[in-house]
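This report looks at a single protein model and at how some of its side chains pair and pack. Please read it with the sequence and the structure side by side.

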Amino acid sequence: MSVESAGQGPWPGPEQGPGPGSEPGSEPESLCPEHGQALRWFCCSERRPVCAACAGLGGRCRGHRIRRAEERAEELRNKIVDQCERLQLQSATITKYVADILPGKNQRAVSTASAARELVIQRLGLVRSLCESEEQRLLEQVHGEEERAHQSILTQRVHWAEALQKLDTIRTSLVDMLTHLDDLQLIQKEQEIFERTEEAEGILDPKESEKLNFNEKCTRSPLLTQLWATAVLGSLSGTEDVRINERTVSPFLQLSDDQRTLTFNAKKSKTCADGPERFDHWPNALATTSFQAGLHAWTVNVENSCAYKGSVRPKSR
């Protein structure tokens with residue numbers, strides 16, 4: 001048996017009469033259920049109080065690490081005191097955080113949210129104003145084009161109504177000559193017949209004219225086109241979870257933790273392990289999956305660079 005206090009304290013021996021706590025009026029000591037002796041020792045191996053007989057040569061704790069019970073109790077008291085001090089400091093830290101930090105963060109959140117709200121209103125107000133102005137301009141153009149086409153059609157109606165009337169008059173005159181004139185009279189009317197025929201031939205058949213069509217170019221607007229494209233692309237964004245295949249990333253590119261953003265580095269990275277799939281010359285990378293048919297968009301931030309290229313490789317068949 002090894003005793004922690006060997007050479008510094010007494011070896012557990014038989015109890016010599018009543019020990020501490022056995023004076024009249026004090027609470028009786030706890031006794032060992034096996035030996036009936038006071039539990040004045042602590043077995044560190046079994047982590048329980050024992051009596052001197054348990055710790056002795058013939059006891060069950062023979063060879064275990066034994067300490068005096070009051071020493072172990074004093075150690076536990078010190079630990080409790082230390083823990084209470086730590087808990088008090090932790091409570092003070094939490095109290096200070098709740099009292100000082102959180103209100104400030106809440107105030108900053110309210111201020112930031114208010115500024116963000118104003119920014120949203122301001123920006124959308126500007127966009128709304130521009131959209132309303134562009135809408136008014138385009139609607140006026142559409143209305144003007146509609147009026148132009150309408151007037152052209154009305155002019156054509158009047159023109160062809162007059163042409164029909166003239167053709168009907170010529171035809172009536174020629175029929176009248178044909179039915180009422182004899183041979184001599186008809187010969188004498190040859191010049192008139194020629195003039196009437198020439199007049200009729202001068203009335204050409206109607207032809208298709210762009211002037212009569214509504215010109216849809218009046219709806220063209222760079223602002224409207226960009227807004228429409230942005231709205232379409234925005235509504236489609238996020239429908240596909242695009243991830244970059246890390247094994248294909250060029251050493252000149254740095255892949256973000258979420259595997260969705262690539263950043264160009266002019267200096268070649270030496271941490272990339274070589275592999276058959278990796279782009280080792282051009283700063284390229286491939287997605288983990290191919291894109292399906294449809295409309296897709298990429299965002300490329302070139303900052304101040306004036307030399308950049310973008311490309312999409314079609315899927316091999």
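A salt bridge is a side-chain nitrogen of Lys or Arg within 4 Å of a carboxyl oxygen of Asp or Glu. The model is predicted, so local features need pLDDT of at least 70 and side-chain atom pairs count only at pLDDT 80 or more, while totals for chains, interfaces and linings use all residues. Residues are numbered from 1 along each chain as its sequence is written, and side-chain values use heavy atoms, with hydrogens and water left out.

**Confidence**

The predictor's confidence in each residue, pLDDT, runs from 0 to 100; its mean for the protein is 81, and 82% of the residues reach 70 or more. Helices (H or I, at least four residues) and strands (E, at least two) are DSSP runs, numbered from the N terminus. Confidence is highest in helix α2 (residues 69-180), at a mean of 92, and lowest in strand β1 (residues 2-3), at 43. The pLDDT is below 50 over residues 1-11, and below 50 again over residues 15-22. Where pLDDT is low, the predicted coordinates should not be read in detail.

**Salt bridges**

Side chains of opposite charge can pair when their charged atoms come close.

| Salt bridge | N to O distance |
|---|---|
| Arg 67 and Glu 75 | 2.6 Å |
| Arg 72 and Glu 75 | 2.6 Å |
| Arg 247 and Glu 277 | 2.9 Å |

Glu 277 lies in the segment after β6 (262-264) and Arg 247 in the loop between α5 (222-236) and β5 (253-255), so this pair ties together parts that are 30 residues apart in sequence. For accessibility, buried means under 20% relative accessible area, exposed over 50%, and partly exposed in between (1.4 Å probe, protein chains only). Arg 247 is exposed at 51%, whereas Glu 277 is partly exposed at 40%. Salt bridges that share partners join Arg 67, Arg 72, Glu 75 and Lys 79 into one network. Within helix α2, Arg 72 and Glu 75 are three residues apart, which means that about one helical turn separates them. Arg 72 is buried at 11% and Arg 67 is buried at 12%, while Glu 75 is partly exposed at 24%.

**The nonpolar core**

A nonpolar core is a set of buried Ala, Val, Leu, Ile, Met, Phe, Trp, Tyr and Cys residues joined through side-chain atoms within 4.5 Å. The largest one has 10 residues, among them Cys 32, Trp 41, Val 50 and Ile 66. The elements giving two or more residues to this core are β2 (41-43) and α1 (52-55), and α1 gives the most, with three residues.

Terms used. Contact = heavy atoms within 4.5 Å.
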